[in-house]
Amino acid sequence: MSATPFKMKAGMAVAIIGAIWSFILMSQAWDGSLDSVYVVGLAMFVCVMFFATAGAFTKFCPVKGSTVLVLSVVTAAVVILAMVYEAIPLIEGIILVILAIICIVCGACPGVVS
């Protein structure tokens, strides 16, 4: 078996950091009212997408290498969507977009695609 490329390990680490950060934002969004449910739901969706991206960067992932890139792009789109609907504050959203872009760059590397 071949060793896992460093770009895959880096992409997985960045995606896990994004997932933990968005989980913290999700817990901060809950204020106990029904009006905060959609904000918590969008933040949870961002968290799940980052965890899915981290899982796609593993060595034994059952998807093709190009799917990792597509999943990273969808994660960035979900973060931007959550920022538009103000589910994630602007500064934290920009940090999450940067993390998603790093996942895109890691996913576009030839070692990851193959």
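Let's start at serine 22, which is found in helix H1. Helices here are DSSP runs of H or I, at least four residues, numbered from the N terminus. This is a predicted model: local features need pLDDT of at least 70, side-chain atom pairs count only at pLDDT 80 or more, and totals for chains, interfaces and linings use all residues. Residues are numbered from 1 along each chain as its sequence is written, and side-chain values use heavy atoms, with hydrogens and water left out.

Is serine 22 buried or exposed? Buried, at a relative accessible area of 1%. Buried means under 20%, exposed over 50%, partly exposed in between, with a 1.4 Å probe and protein chains only.

What does serine 22 touch, not counting residues up to four places away in sequence? Ala43, Val46, Cys47, Phe50 and Leu96. Contact means heavy atoms within 4.5 Å.

Now leucine 96. Leaving aside neighbours within four places in sequence, its contacts include Ser22, Trp21, Leu25, Val79 and Ile88.

Next, the core. The largest nonpolar core has 32 residues, and Val46, Phe50, Phe57, Val79, Ile88 and Leu96 have the most contacts inside it. Such a core is a set of buried Ala, Val, Leu, Ile, Met, Phe, Trp, Tyr and Cys residues joined through side-chain atoms within 4.5 Å. H2 gives the largest share of this core, nine residues.

Last, the packing of H2 on H3. H2 covers residues 37-56, H3 covers 65-84, and they pack at about 165 degrees with axes 9 Å apart. Axes are lines fitted to C-alpha atoms over the stretch in contact; angles run from 0 to 180 degrees between N-to-C directions.

Methods. Helix = DSSP H or I, 4+ residues; strand = E, 2+ residues; numbered from the N terminus.
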